[in-house]
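Here is a short briefing on charged side-chain pairs, written for someone who likes to know the cut-offs. Please have a look at the structure first.

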Amino acid sequence: KDNRESFWKQRERKQGAWVLAGDSLLGNWKTAERDLAPTLTANRAIGGDVSRGLLFRFQEDVLELNPSGVVMLIGGNDLSARQKTDQTVRNIDRMLQAIRAQKADLPVILCTLPPRNSEKAPIKAWELTNLNASIRELAKKYDNVELLDLFPLFATPDGQPQLNLLAADRLHIGPAGYEVLG
C-alpha cells in the first residue's frame with residue numbers, strides 16, 4: 001500500500017519516464033534515478049511482487065505514466081511460490097500485449113532472472129533455467145522487445161551466482177550488481 005501511495009504522489013512528475021517494473025530485484029535499486037541519469041526513470045518495482053501482482057497493477061503503475069520505455073524483471077517470487085513457469089510466462093506476455101496495444105513501438109527491455117543461491121527462498125535450478133529459456137523465447141515474439149540476459153552477467157562459468165554482485169542473502173542484487181546494470 002505504501003509503495004502504491006508513493007507511486008501515486010509521483011504520478012505527474014514521472015510522466016514519460018522509463019519505467020522499471022518488477023519485484024525487489026529492481027525495487028531495491030534505490031540509486032536507479034542517479035545511476036541512469038539524465039534519463040528520467042520511475043521505479044515501479046515492489047519487493048515480494050509476483051507476475052500476477054505486476055499484471056494487476058500494470059495499467060495504473062506503468063502504462064498510465066505514458067512511458068518512454070519499460071524495463072521488466074519479474075518471476076523470481078513466482079518460482080519461490082512454486083507457480084508453474086507457463087503461468088508466469090503468460091502473465092509476462094499479457095503485459096507485453098498491453099504495451100503493444102497502447103504503443104506498439106514502445107521500447108521494452110525484458111530481463112531474465114539472475115542466478116541465486118538462497119536458503120531463505122530456495123528454488124530448483126531447472127525451474128530457473130526453464131523460466132529464463134521461456135523469457136528468451138518470449139522476447140523474440142515482439143519487435144519492440146530487447147532481451148537483457150542477466151543470468152550470464154551474474155553467473156560464474158559453472159552457473160553459480162557471482163556473490164560479489166549479490167546482496168549477502170544470495171538472492172537480491174547488491175550494489176556492485178546495480179553498477180553492472182547502470
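Glu64 is partly exposed, with a relative accessible area of 34%; buried means under 20%, exposed over 50% and partly exposed in between, using a 1.4 Å probe and protein chains only. The model is predicted, so local features need pLDDT of at least 70 and side-chain atom pairs count only at pLDDT 80 or more, while totals for chains, interfaces and linings use all residues. Residues are numbered from 1 along each chain as its sequence is written, and side-chain values use heavy atoms, leaving out hydrogens and water.

- Glu64 forms a salt bridge with Arg11, their closest N and O atoms being 2.2 Å apart; the term means a side-chain nitrogen of Lys or Arg within 4 Å of a carboxyl oxygen of Asp or Glu.
- The two residues are 53 apart, with Arg11 in the loop between α1 (2–9) and β1 (18–22) and Glu64 in the loop between α4 (51–61) and β3 (69–73); helices (H or I, at least four residues) and strands (E, at least two) are DSSP runs numbered from the N terminus.
- Arg11 counts as buried, at 12% relative accessibility.

**Pairs within a helix**
- In helix α6 (residues 85–102), Arg90 and Asp86 lie 4 residues apart, about one turn, and their salt bridge has its closest N and O atoms 3.4 Å apart.
- Glu137 and Lys140 form a salt bridge at 3.0 Å between the closest N and O atoms.
- Glu137 is partly exposed at 47%, whereas Lys140 is exposed at 62%.

**Network and total**
- Salt bridges with shared partners join Arg4, Asp49, Arg57, Glu60 and Asp61 into one network.
- The count comes to 10 salt bridges by this rule.
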